[in-house]
Amino acid sequence: MADPLLTFTDEGIYCPQGDFHIDPWRPVDRALITHGHADHARPGHQSYLATHAAAPVMRHRLGDIRLETIGYGEARVQNGVSVSFHPAGHVPGSAQIRVEHRGEVWVVSGDYKVVNDGLSEPFESLRCHAFISECTFGLPVFKWQPQDEIARQINGWWAENAASGKTTILGAYALGKAQRLLCMLDPAIGPILTHGAVENTNVVLRGQGITLPDTTLVTPDLKRGNHPGAIVLAPPSALGTPWARKFGPASDGLASGWMALRGIRRRRAADRGFVVSDHADWEGLNSAIRNTGAERIFVTHGYTEIFRRWLEEQGYDARIVQTAYEGEAADPAEAPE
Ligand SMILES: [Zn+2]
Ligand SMILES: [Zn+2]
């Protein structure tokens, strides 16, 4: 019997016929990368292939790498295997990778979400025989509210804090989530300040032509009261630190899919939790899988055990694959970027 189109090795997802890896976690010769988050785009590969839109962040993070870029939907043939990248809706530049050989199609989704966040290229549904899916939030309890509703909650909280003389500090991943939130903020409420980690990504994304609202970088000479009514966007790890205390009286909040779980919300000492994720929720995972028409599903990171059983009950040939992907860390302070 011939090798399957994609296999799972110690290095990562591998295509024997095309001789390339997808999001490998150990150094390889040819790495196809779905997106720039650290658990997917790792250092040390001989060569990289990613979308034009994912490249600037990867160069920023990984330095001088041999990186070729490709447009969405463009096909490249390697040893008779055709590969193409398609929007995953996760963060700007993120892709699902479609692999085709002699009429057989496999899709590696990387990380994805099916709702349009207004910033990332919207998720594209692909037909395939086998689909490799994350399932970070593969439980029915994870159900995201519409983005407008989240924006209303965050802006309402910010306006309230501003009216009572408090600074608002919102913790979110520095790559993707922070910029998505930035686009949801109402600048009429007050100035928008940024932590260096967030601003670094803003600079990279603006440099590739993505429009983001104006922000002011927090510098050491910032004085208390300089920016009344401000909101500060920072990585979750900055919350509760001396850095955060220099803003004086403040209310802090966290934006993460895990805020849907009350236990985690309580354990994290933020004043507010907003349920916002760049991963698909339960319904998103199920609809994405349904729409592929695939019979074989491989689940990677997240609630793999439960989700695999659920898929099997739905009639799929569902298997778990051990990977080194981390999804959205349950403690947002330890989140991979
Ligand atoms: Zn990711
Ligand atoms: Zn991931």
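This report describes a predicted model of a protein, from its domains down to one arginine.

## Two domains

The protein is split into two domains. Domain 1 is made of two stretches of the chain, 7-140 and 279-334. Domain 2 is one stretch, 147-274. Their centres, taken over C-alpha atoms, are 29 Å apart.

## Where the domains meet

The two domains touch. On one side, 22 residues of domain 1 take part; on the other, 24 residues of domain 2. Together the domains bury about 1,900 Å² between them. Carbon and sulfur atoms account for 68% of that area. The side of domain 1 that touches domain 2 can be sorted by residue class: 12 nonpolar, six polar and four charged.

What about specific pairings across this interface? Three residue pairs are in polar contact, counting pairs with both residues at pLDDT 80 or more. The number of salt bridges found between domain 1 and domain 2 is zero.

## A parallel sheet

Six strands build an open sheet with parallel pairing. Read across the sheet, the order is β14-β13-β15-β12-β16-β17. Which strands stand at the edges? They are β14 (216-217) and β17 (272-274). Each has a single partner strand, so one side of each has no neighbour in the sheet.

Now look inside the sheet. Strand β12 covers residues 167-171, and strand β15 covers residues 231-234. They run parallel and are joined by four bridges. One of the paired residues is Gly 171, whose bridge partner in β15 is Ala 234. In a regular strand, side chains alternate between the two faces of the sheet.

## A hairpin

Ala 75 faces Ser 84 of β8.

How many residues lie between β7 and β8 in this hairpin? There are two. Asn 79 is in the turn, and its phi is positive, at about 55°.

## Arg 42 and its surroundings

The side chain of Arg 42 reaches a backbone atom: the oxygen of Asp 39, at 3.4 Å.

Which residues does Arg 42 touch, leaving aside those up to four places away in sequence? The list is Pro 24, Trp 25, Tyr 48, Leu 62, Ala 324 and Glu 326.

Conventions: Residues numbered from 1 in each chain as written. Chains lettered and ligands numbered in written order. Predicted model: local features only at pLDDT ≥ 70, side-chain atom pairs only at ≥ 80, totals over all residues. Heavy atoms only, no water. Domains from an automatic or database assignment. Contact = heavy atoms within 4.5 Å. Buried area = accessible area lost by both parts, 1.4 Å probe. Salt bridge = Lys/Arg side-chain N within 4 Å of Asp/Glu carboxyl O. Polar contact = N/O pair within 3.5 Å; in protein donor to acceptor, adjacent residues only side chain to side chain. Nonpolar A, V, L, I, M, F, W, Y, C, P; charged D, E, K, R; others polar. Pairing = 2+ DSSP bridges.
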